[in-house]
Each structure stands twice: as structure tokens, then as C-alpha cells.
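Colleague: I am new to this structure and would like to go through a few parts of it with you, one question at a time.

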Amino acid sequence: MRSTLRDRGLLRSGYRLAFAALLGALIPGTASAQRYLGDPVDVSQEFERLDATYFVASHVTKFDPATGQGELQWDRYRRVPAYSFAKVDANLVRAQGNEFPGTEYQSDPVLPFSISFVSPRTVRIRLSSREWPLSDTASLMLVGGHAPVDHSWKMTRTDSTITWTSTGGSVRLTRNPWHVEFYDASGRLLTRTRNIGEPNTYAPPTPVSFVRRTRDLGRNTAVAFQLAHDEKIFGGGESFTRLNKRGQKMVLYTRDAMGVQTRREYKPIPFFLSSRGYGMFVHTSAPVTFDFGHDFDESGVLYSGDEVMDLFVFLGDPKQVLEEYTALTGRSPVPPLWSFGFWMSRITYKSAAEVREVAQKLRQYEIPADVIHIDTGWFETDWESDFTFSKERFPDPAKLMSDMAKEGFHISLWQLPYFTPKNKLYPEIVENGYSVKNPGGELPAEDAILDMSNPAAVKWYQDELAGLLKTGASVIKVDFGEGAPLNGLYASGRTGWYEHNLYPLRYNKAVFEVTQRVKGADQGIIWARSAWAGSQRYPLHWGGDAENTNSAMAAELRGGLSFGLSG
């Protein structure tokens, strides 16, 4: 009998555990939810949780127009489920402080914000969810590491507003309730931030706000702005979905998309431009989600996993907006002339004899070609990227590449920054601390993933690539790079929360710079799959693993156009 009761107790415990696991799987963002490694992180889900604390932009408490620095009060809210007519809604209601002792914490915190100007067409708005002052640390995404400052804007003020005007347009700050409006040079309203209760609707959209997460007390930030009824939105990186992003939600988190007929992106870019005459760039490497009227048609919402919302707003037509964005994050140098020719490749050439045969036939049949790409098969073991040619199948790689050069061919070589346990380089990488680690100081994945934020690791890596370039290769395929571990600890001192999306930019930069160093400044080129804001400084990028169908061709074109409209 006792055994039966014990078994029943274990069974009930098992039911509870199973229910908890199911609940975790069903509720987005729940800490116990089971997620596949590499799944994109949709930070907008944090703004739907019942256990989070919400803070909504309220009013300016202090502002110095001379410096653009001020303080903004954030009113505390919580989501409360409410029943009506056979359904439950969970809208925001005002809340009281729940910290102890209450005298030590702000219930409705007053936090720093700033408005500054980069050029006559570029405005920078920063909103902090912490009490410490806003800092301007160097950023890999920005040219020179920092945004310039423009002093040409003229200011006028009233008791309730401050307006700045330039040749490119104007910006108006309303103190209470806090709003920022953007106008073109003719005075036409382009867009404005949205506060709580705007518009008055039964389905209230996310306002300018931030949430304090219960699982770690971290913050996610959001800026909401008005969308016109006929407004079109473009950009967001190499997105394969419908070119006009209006009505879509874009999760900007680098991921091996495993094809081109999916919402995942190899090359997300937290930038967009609008048909209304403006564009926006969320300056962060944390996970970002763009909602362009997906949850509420009249509102665009930019969700960021960063605790500071650092938003650049550009005024002008599409060409002007792109000029402003690329002035800030960089422009592509012109790749070498030969790279504009035809590239011949397959997966894969497994011997020097195969490469020579293909080259001979291209010339025999007078097919113009300038590059032969050797993919995964040039190592002793296919896919085992150890930077060493197979001695049996590629006995003299230097002679192969020299002979190809005499025939007018440049050689491209495949590699990737993940090193399997069977790779001969694996022990060296791990022992020297060149790989990403997890919080326990161990590897966060089966592979040793090169830590591109570690200068010693980058030097080691570049030295390996330099040997290939000196042997005669002209370009390195910068494959993968989308899988930097989210739970990793990096040499930069940051976790994968900030390093995951930044990894492609670090990766692109490392390969581009060693190529220039070995081959010459005018021969700078890579052939990359992953990207983030600023990667355009390191061309070229290819479109991922497209399926061999007409639908995939259409998706590839949409992705290329979208990427091109992202700088």
C-alpha cells in the first residue's frame, strides 16, 4: 500500500514536471522553455509577458538644449489579464513599486536621454533604462568608432516644445507627454513617436517603453512610431520575404537560414527606410525585432535587447537616407576588377586534376571565366577545415594556382571558423584559449568556435589565411559565422547576447584585412555569407544556400534587393 501511494506521488510529481515543461514551451520567453541551439531570439516576446515590469516614457523632468542631455520619467505599468465576452486580454495598467525597501528604489524612474545631430539629415536619440550616464564608447559598427557631431541645426523653443531645424528637415521634442516628431524640409510630418493610449483602441500597441525581465533583471527597450496608411518599408538586411516589409515582423538575429525561402536571415541589418522620406538604424549588436504594423497596422515598433535604445533617424529620399546611413556605418570599396567576372564552382572539386580539367574546358569552349572556387574538398578530409591541402589530391597547390594564374584564373578557397574535435588544429585552439567559452570556462558547443573578439585568436587565424594567400589564392570564402553561441563568454568581456550578431562583422573584417595585407590594398575582397551593420565595408557577400527552384530564384532576388536597400 505504501509503495502504491509512493508511486502515485511520483506520478503526480511527474505530471507537474511535464506540465511545467509544457508551459515553458508554450509561453514565449519563459526561462524553462526548450529551444533549439541557434534559434533566433525574438525580443518582442518580452513585451507580452505577465511577469515583467513595464516602464512607459512619460515626460521630461530636465533638459539642457545646449548639450541635448536630459532626464525622462518612465511610468511603471504591468500587464493584467482581464476577462470579457469569452476571451482574456492582457493590457497595461499603472502599477506601484514592488521593491524592498521601497525607499531605496524609484517606482517611476527618472533616467537619462539625449538628442544630438550627426549631419543636417541625421538625428541621434538615446534612451537609457539605467540610472548611470550615457556613454559614447567606440563601436565597430560605426566608421572611426564614433558618430560625428553636427552643429548646424537651429533651435527654437516654447514652454512645452523644443524644435531643431536644418536644411534637411526639423525635429520637435514635446516635454509632456514625451514625444519626438520628424518633419521634412517642407514642414510635412514624416512620423512621430507613439505613447501609451495612442491611438485610442481596444488593441493598444506597444508604446515607447522598456521592460525589466524577471529572470535576470535585464532590460529590453522599444521605440514605437506612427505609420501612415499608405507607407511602405524596405530593408532589414537580406530578407527573403516580401520586399515591402509593411505588415511584417522581422527577427534580426543572424542564423544559418538553411535556404532562402524562410524568414530567417544570414545577413540581418537593423536598418530600414520608409517611402515617407525617412529611415532608422538601431545601433546595437543585441537581438533586435522590427514590427512594421504586424501587431497593429498604424504602429511600427523597434524592439531591442540592448539596455540603451540608440536610434539614428535619417531624413530624405531613399538615396539620401542610404547616403546618410553609409556615411555613418561605412561604404563598400570597389572590389578588384577580376571579381566582376564569372565565378565557376561546384561542391566540390576534390583534386587538382578536377580543377585543371574544368579550367581547360572553360577555355576550350570559350566560356569567359575569371575565378575558380574550390569549396569544401581541398583538405585531407572533406569539410575538415585545417588550412592544409590534401597531399595526395593537391600535391603542389602553389604550382596549381600559378598555372591557373597563367590561364587568367583567380582561385577562391573555402573555410569556416568552427573547428571539429577531429580537426588537427582543435587542441591548439582550445589550449591557447582562442575559442569561445561558456560561463563554466568550457566549450559551449561541440566545435571550438574561434573567438573573433580575441586579438590573439584573430592574429593566429590571419596567419593561417596569409599562408594560403601567399601560396596563390586570391580570395577566401568567409562561410558560416551565424552561429556564435548566445551563451558564450567572449574575450571582449561580453556574452553572446551582444557578440552573436557582431560576430559576422568581426569575421568579415579579419579576413578582408589580411587579404589586403598580403595581396595589396586594391585587392581587398572576401566572399562572405553572414553580415551585420557595417559589413558593407568588407565586400563581397553571397546569397546563401538557395534551393534550385524558380521560387527560390525569386526569393534570392528579393533578398538581394533588400540587402542592397540596407546599405
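Colleague: How many residues of strand β16 (residues 278-282) are buried?

Modeller: This is a predicted model, and buried here stands for under 20% relative accessible area. Tyr278, Met280 and Val282 point one way from β16, while Gly279 and Phe281 point the other way, and all are buried. Strand β16 is thus mostly covered, and the number of its residues that are buried is five of five.

Colleague: Which residue in β16 is the bridge partner of Phe272?

Modeller: Strand β15 (residues 268-274) and β16 run antiparallel and are joined by four bridges. In their hairpin three residues lie between the strands, and Gly277 takes a positive phi near 110 degrees. The bridge partner of Phe272 in β16 is Met280.

Colleague: And which residue in β19 is the bridge partner of Tyr278?

Modeller: Strand β19 (residues 308-315) runs antiparallel to β16, and five bridges join the two. Within β19, the residue that partners Tyr278 is Leu315.

Colleague: Which residue just after α4 takes a positive phi?

Modeller: The phi in question is about 90 degrees, and the residue that takes this positive value just after α4 is Gly408.

Definitions and conventions. Residues numbered from 1 in each chain as written. Predicted model: local features only at pLDDT ≥ 70, side-chain atom pairs only at ≥ 80, totals over all residues. Heavy atoms only, no water. Buried < 20%, exposed > 50% of the residue type's maximum accessible area, 1.4 Å probe, protein only. Pairing = 2+ DSSP bridges.
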